[in-house]
Amino acid sequence: ACVIVKHANPCGVAVAAAPLDAYKLAFATDPTSAFGGIIAFNREVDGATVEAVAAQFLEVLMAPGYTAEALAVIERKKNVRVLHIELEIGARPGARDASAGRPELDFKRVGGGLLVQTADTRALSASELKVVTKRAPTPAQLDDLLFAWRVAKHVKSNAIVYAKDGATVGVGAGQMNRRDSSRIAAIRAAEAGETAGLKVSPAVGSVVASDAFFPFADGLLAAAEAGATAII
């Protein structure tokens, strides 16, 4: 997996067979916002991956490991913070408990004090989902819905995340209403499609995740107009 973070929001996230493939998909989500971002991987990165990452301007690179070639490449970049991160126990291959090793409490600084609350470490499974529409999602859509849901957890509310084939294609974050988040995410997807030379927006045929319910139909209709076919 690769995530590109900008101003505490993921602007591109993807999973793939190799870190380089994941990075390319994550970067394609929003090349404009990726400029000067934080790029994180959950697997060791090699020289080819860092060569691709180093082609853009970045502030921080994070991974659980780096090959000697990767470190040699990144040393040529000035002012890049390179962090070696310890994978959470639940994120390691073969781990059975997805929440094991994660902090139990989350701390936030607030005016005049400290807010301490239980960390949201719960992972949603397909067996827990309830289909409330006449048409049920396909297995592929279901995978993308769960992926988009995981990403949406880390996007500032009101969060809207369009995803397709294990990658985000549009992210709308932190707006005062859900309709604008839907529209912004759709605009990002359309712009990324134009940059990639696609004839249609990658949001067409995507799924969409929202971090809260839709009090009115407008946000949902905006997602449908963008081409989303399923929502969680």
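What follows is a chat about a predicted model, touching on its salt bridges, helix packing, surface and backbone.

Visitor: Before we dig in, what kind of model is this?
Guide: A predicted one, so take everything below as computed from that model.

Visitor: Okay. How many salt bridges does the structure hold?
Guide: Eight. We can go through some of them, including one between Asp-30 and Arg-188.

Visitor: Is Asp-30 buried or exposed?
Guide: Buried, because its relative accessibility is 9% and the cut-off for buried is under 20%.

Visitor: Which residue does Arg-178 pair with?
Guide: Asp-211, and the closest N and O atoms there are 2.7 Å apart. This pair also links distant parts of the chain: Arg-178 belongs to helix 5, and Asp-211 to the loop between strand 10 (207-210) and helix 6, 33 residues apart.

Visitor: And how accessible are Arg-178 and Asp-211?
Guide: Arg-178 counts as buried at 9% relative accessibility. Asp-211 is partly exposed, with 29%.

Visitor: What about Arg-81, which side chain does it meet in a salt bridge?
Guide: That would be Glu-59, at 3.5 Å from N to O. Arg-81 lies in strand 5 (residues 81-84) and Glu-59 in strand 4 (residues 58-63), so the bridge ties together parts 22 residues apart in sequence. Arg-81 is partly exposed, with a relative accessible area of 47%, and Glu-59 is partly exposed too, with 30%.

Visitor: Why can side chains like that pair at all?
Guide: Side chains of opposite charge can pair when their charged atoms come close.

Visitor: Switching to helices. At what angle do helix 5 and helix 6 pack?
Guide: About 15°, with the axes 7 Å apart; helix 5 covers residues 178-195 and helix 6 covers 218-226. That makes the two roughly parallel, since the limit for that label is under 35 degrees.

Visitor: Is their crossing left-handed or right-handed?
Guide: Helix 5 and helix 6 have a right-handed crossing.

Visitor: And helix 1 with helix 2, what's the angle there?
Guide: About 20°, and their axes are 9 Å apart, with helix 2 made of residues 47-54. Helix 1 and helix 2 are therefore roughly parallel to each other as well. Their crossing is left-handed.

Visitor: New topic: the surface. Which residues make the nonpolar patch?
Guide: Leu-105, Phe-107, Leu-114 and Val-116, together giving about 390 Å². Strand 6 (105-110) and strand 7 (113-118) each supply at least two of the patch residues.

Visitor: Where is Leu-114, then, and is it buried or exposed?
Guide: Leu-114 is in strand 7. It is exposed, with a relative accessible area of 54%.

Visitor: Let's do the backbone. Which residues are joined by a cis peptide bond?
Guide: Ser-157 and Asn-158, with omega at about 0°. Asn-158 is in the loop between helix 4 (139-152) and strand 8 (160-164).

Visitor: Got it. And the phi of Asn-79?
Guide: Also positive, at about 65°, and Asn-79 is not a glycine. You'll find Asn-79 in the loop between helix 3 (68-74) and strand 5. It is exposed, at 66%.

Visitor: Last one: where does Ala-18 lie?
Guide: In the loop between strand 2 and helix 1. Ala-18 is partly exposed, at 28% relative accessibility. Its C-alpha is separated by 9.6 Å from that of Cys-2, 16 residues away along the chain.

How values were computed. Residues are numbered from 1 along each chain as its sequence is written. This is a predicted model: local features need pLDDT of at least 70, side-chain atom pairs count only at pLDDT 80 or more; totals for chains, interfaces and linings use all residues. Side-chain values use heavy atoms; hydrogens and water are left out. Patches are made of residues with over 30% relative accessible area and no salt bridge: like charges are joined within 9 Å, nonpolar side chains (Val, Leu, Ile, Met, Phe, Trp, Tyr) within 5 Å. Accessible areas come from the Shrake-Rupley method with a 1.4 Å probe; for residues, only the protein chains shown count as cover. A salt bridge is a side-chain nitrogen of Lys or Arg within 4 Å of a carboxyl oxygen of Asp or Glu. Helices (H or I, at least four residues) and strands (E, at least two) are DSSP runs, numbered from the N terminus. Buried means under 20% relative accessible area, exposed over 50%, partly exposed in between (1.4 Å probe, protein chains only). Axes are lines fitted to C-alpha atoms, for helices over the stretch in contact, and angles run from 0 to 180 degrees between N-to-C directions. Angles under 35 degrees count as roughly parallel, over 145 as roughly antiparallel, 65 to 115 as roughly perpendicular and the rest as oblique. A crossing is left-handed if the near helix is turned anticlockwise from the far one by less than a right angle, and right-handed if clockwise.
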